[in-house]
Structures are given as structure tokens and as C-alpha cells.
Amino acid sequence: MLKLKRIDNLDILCRDVAAAAEFYHGTLGLEYFLPYQPEQGWAALSAGNLTIYLFQTGVGEHAPRRTAVNEENAPGFDSIAFDVDDLDEALAALEGRVTWAHPEVITWKHPSGTWYRYRPFYDPEGNMVYVTEPHAGAGG
């Protein structure tokens, strides 16, 4: 039987790797997983147990930006979400530095009692990124 352990890496194809690398490193604060050398056309950043690879491409057009409403989007990869301890603190740190994909914080509650507060924004390539504050069990 196949035994998957964890997601090792996520690859993002970019028109402008330098802008994406600056965003993920400078704006979001992710450390480089491997030394970044702009002339190589790629970057690798560490996001906890996930390595995000950014690769340069000049082929085709980017898919339209996704929205925070799933029913409005075509099938496919939707977003990446980063867990934070304090959503309000994270939002304050991002204010003026990102383009928000939704005008306010969203709260989602599951009948089990698990709930989330989150807010999406776009990276320089138009991909949707979330900061999310997850809560296990009853609350809200």
C-alpha cells in the first residue's frame, strides 16, 4: 500500500521570479531553502514542512485570478494558506503590502466545532494566498 507522508514541495511557475521571490521572502518573511541566485531563474523558500519552488516561465497566459468564493471558480489548484497564531496581527503586517482578494475577514465554522478565520490576497503572479487562524473544537 502506498504510504504518503507529507507534502514536500509546491512549484509555482512565474513570469517574474524576482518579484515573486521578493514577495514570498520580503513580504511574507519566508526564508530561502536554497541560496537564491536570480540569474538561475528559480528560487526555493521554506514554509515549515513545505518547500515552495518558484520557476521562471514565459509560456502562455496565467489563468484568471480566483476569488474567495469557491463556486465562482473553475476546477483546479485554488490557493495556498499559511497558518498564523494571530490573524489580526498578520493582517496588520500585510496591510498596504498585498492586494486583498476579499474585502474582509472570513469566518468558516464546521459542525464539529472546528472553525477558521482567514483572509485571502494575491501574490505578484495573481495566485491566491491566505493567512488563516485555525481553531480546533468549539468556539467562535
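Buried, in what follows, means under 20% relative accessible area, exposed means over 50%, and partly exposed is in between, with a 1.4 Å probe and protein chains only. By that rule Glu133 is buried, at 9% relative accessibility. I will come back to that residue.

First, the basis. This is a predicted model, in which local features need pLDDT of at least 70 and side-chain atom pairs count only at pLDDT 80 or more, while totals for chains, interfaces and linings use all residues. Residues are numbered from 1 along each chain as its sequence is written, and side-chain values use heavy atoms, with hydrogens and water left out.

I start with the nonpolar cores. A nonpolar core here is a set of buried Ala, Val, Leu, Ile, Met, Phe, Trp, Tyr and Cys residues joined through side-chain atoms within 4.5 Å. The largest one has 27 residues, and Tyr24, Ile52, Leu54 and Phe121 have the most contacts inside it. At least two residues of this core come from each of S1 (9-14), H1 (17-27), S3 (42-47), S4 (50-56), S5 (79-83), H2 (87-94) and S9 (128-135). Helices (H or I, at least four residues) and strands (E, at least two) are DSSP runs, numbered from the N terminus. H1 gives the largest share of the core, five residues.

Take Phe121. Contact means heavy atoms within 4.5 Å. Not counting residues up to four places away in sequence, Phe121 touches a list of residues that includes Phe23, Leu28, Leu94, Trp100 and Tyr130. There is also a second, separate core of seven residues, with Ala68, Ile106, Tyr122 and Met128 among them.

Next, strand S1. Which residues form its covered face? They are Leu10, Ile12 and Cys14, while Asn9, Asp11 and Leu13 form the uncovered one. As a general point, side chains in a regular strand alternate between the two faces of the sheet. S1 pairs with S4 in the parallel sense, over six bridges; two strands pair if DSSP finds at least two bridges between them. The bridge partner of Cys14 in S4 is Gln56.

Now a glycine. Gly126 lies in the loop between S8 (115-122) and S9, and it is buried, with a relative accessible area of 8%. Leaving aside neighbours within four places in sequence, Gly126 is in contact with His62 and Arg65. Its C-alpha atom is separated by 8.2 Å from that of Arg66, 60 residues apart along the chain.

A salt bridge is a side-chain nitrogen of Lys or Arg within 4 Å of a carboxyl oxygen of Asp or Glu. How many does a search of the whole structure find? It finds four. In one of them Arg66 is paired with Asp78, the closest N and O atoms being 2.8 Å apart. Both residues sit in the loop between S4 and S5, twelve residues apart. Arg66 counts as buried, at 15% relative accessibility.

Last, Arg117, which is buried at 17%. Its side chain meets that of Asp88 in a salt bridge of 3.0 Å, N to O. Asp88 is in helix H2 and Arg117 in strand S8, 29 residues apart. Asp88 is partly exposed, at 45% relative accessibility. Arg117 also forms a salt bridge with Glu133, with the closest N and O atoms 3.5 Å apart. Arg117 lies in S8 and Glu133 in S9, so this pair ties together parts that are 16 residues apart in sequence.
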